[in-house]
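Dear colleague,

I am passing on to you the structure that we talked about, together with some notes on it. Please look at it first, and then read on.

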Amino acid sequence: MQGIRVSSRIGAILVTGIVVVALSGSAALAAGGTNGAGSKRPVFYEGKLVTVNMFEVPASESLLGKNPGINTIYASNDLDEPQDFNSVIDAIPGDAFNPLWHQVLIVFNQGFVPHQFVSEDEVLAAAAAGEITLVSTPEVYRCSVVSSH
C-alpha cells in the first residue's frame, strides 16, 4: 500500500510541475511578444514615417534624472495601449540619437479637434499655442529605428 501512495504522490507532483512549467512558459511568451516584432510600429520623424521596435524599460523613472540625453516620444495614448495617432519621435540614428525614449502624452485641449502631428516642431508649436497639453510620464522605452518608409 505504501508503494501505491508514494507513486500517487510522485504522479501528483509531476502533474503539478508540468502545469506550472506550461503556465510559466505561456506567460513568458505573452510578455516577450511585446519586445519582439509585435512591438514594431510606425512613428513620424520630421514629416517622414519610420518604423521603431520598442519595449518599456521596467522601473525607469530614475533614468529620467540621470540621463539628460534621453529622447522624447510624443504619444496620443500610453504606449502600452493602442494609439489614436502615430507617435512622433525627436531623433533618429545620426541625429543625437539615444535608444532610450521618454514618453510624453499629447492631450488635446477643449475646443480643438484631435489630429495627427508629423514632427516635434508641430507638437511644440501646438503646445505653445495652447492647442495641446504635453503630459510628462515616468515611463521610458527602449526603441530602435528598424526602417524608414
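This is a predicted model: local features need pLDDT of at least 70, side-chain atom pairs count only at pLDDT 80 or more; totals for chains, interfaces and linings use all residues.

Residues are numbered from 1 along each chain as its sequence is written, and side-chain values use heavy atoms, with hydrogens and water left out.

The protein chain has 3 helices and 6 strands, where helices (H or I, at least four residues) and strands (E, at least two) are DSSP runs numbered from the N terminus. Read from the N terminus on, the order of elements is α-β-β-α-β-β-β-α-β. Of the 149 residues in the protein chain, 30% are buried; here buried means under 20% relative accessible area, exposed means over 50%, and partly exposed is in between, with a 1.4 Å probe and protein chains only. If one takes the contacts (heavy atoms within 4.5 Å) between residues at least 6 apart in sequence, 69% of them join residues at least 24 apart.

The 6 strands close into a barrel in the order β1-β2-β6-β5-β3-β4, with mixed pairing. From one strand to the next, the twist averages 50 degrees; axes are lines fitted to C-alpha atoms, for helices over the stretch in contact, and angles run from 0 to 180 degrees between N-to-C directions. Helix α3 (residues 120-128) packs on the sheet and touches β3 (71-75), β4 (87-89), β5 (100-108) and β6, and its direction makes about 175 degrees with that of β6.

Strands count as paired if DSSP finds at least two bridges between them. Strand β2 (residues 48-56) and strand β6 (residues 132-148) run antiparallel and are joined by 7 bridges, with F55 opposite R142 in β6. On β5, L100 also stands opposite R142 in β6, and β5 and β6 pair in the antiparallel sense over 8 bridges. The pairing of β3 with β5, by contrast, is parallel and extends over 5 bridges, with N71 opposite W101 in β5. β3 is also joined to β4 by 2 bridges, and these two strands run antiparallel; the bridge partner of I73 in β4 is I89.

Two of these strands deserve a note on burial. In β5, 8 of the 9 residues are buried, so this strand is largely enclosed by the rest of the structure. β3 is mostly covered, with 5 of its 5 residues buried, and this holds for both faces, since N71, I73 and A75 on one side and T72 and Y74 on the other are all buried.

The count of cavities of 30 Å³ or more comes to 1. A cavity is, on a 1 Å grid over the protein atoms alone, a set of points where a 1.4 Å probe fits but cannot get out, and lining residues have an atom within 4 Å of a point; grid points are joined across faces, edges and corners, and a volume is the space filled by probe spheres set on the points. The largest cavity holds about 70 Å³ of space, and its lining consists of Y74, A75, S76, F85, N86, S87, V88, I106, F108, H115, Q116 and F117. β3, β4 and β5 are the elements that give two or more residues to that lining.

The structure holds 1 aromatic pair. The ring centres of F108 and F117 are 5.7 Å apart and their planes lie at 5 degrees, so the pair is stacked; rings of Phe, Tyr and Trp (its six-membered ring) pair if their centres lie within 6.5 Å, and planes under 30 degrees apart count as stacked, over 60 as edge-to-face and the rest as tilted. Both F108 and F117 are buried.

Finally, two single residues. E131, in the loop between α3 and β6, is buried, with a relative accessible area of 16%. Not counting residues up to four places away in sequence, E131 touches V107, F108, N109, F112, V113, H115, F117 and A126; E131 and F112 are 19 residues apart in sequence, and 6.2 Å apart in space from C-alpha to C-alpha. K48, which lies in strand β2, is exposed, with a relative accessible area of 57%. The C-alpha atoms of K48 and S148 are separated by 7.8 Å, although these residues are 100 residues apart along the chain.

With best regards

Technical notes: On a 1 Å grid over the protein atoms alone, a cavity is a set of points where a 1.4 Å probe fits but cannot get out, and a pocket is an open set with protein on both sides within 12 Å along at least five of seven lines; lining residues have an atom within 4 Å of a point.
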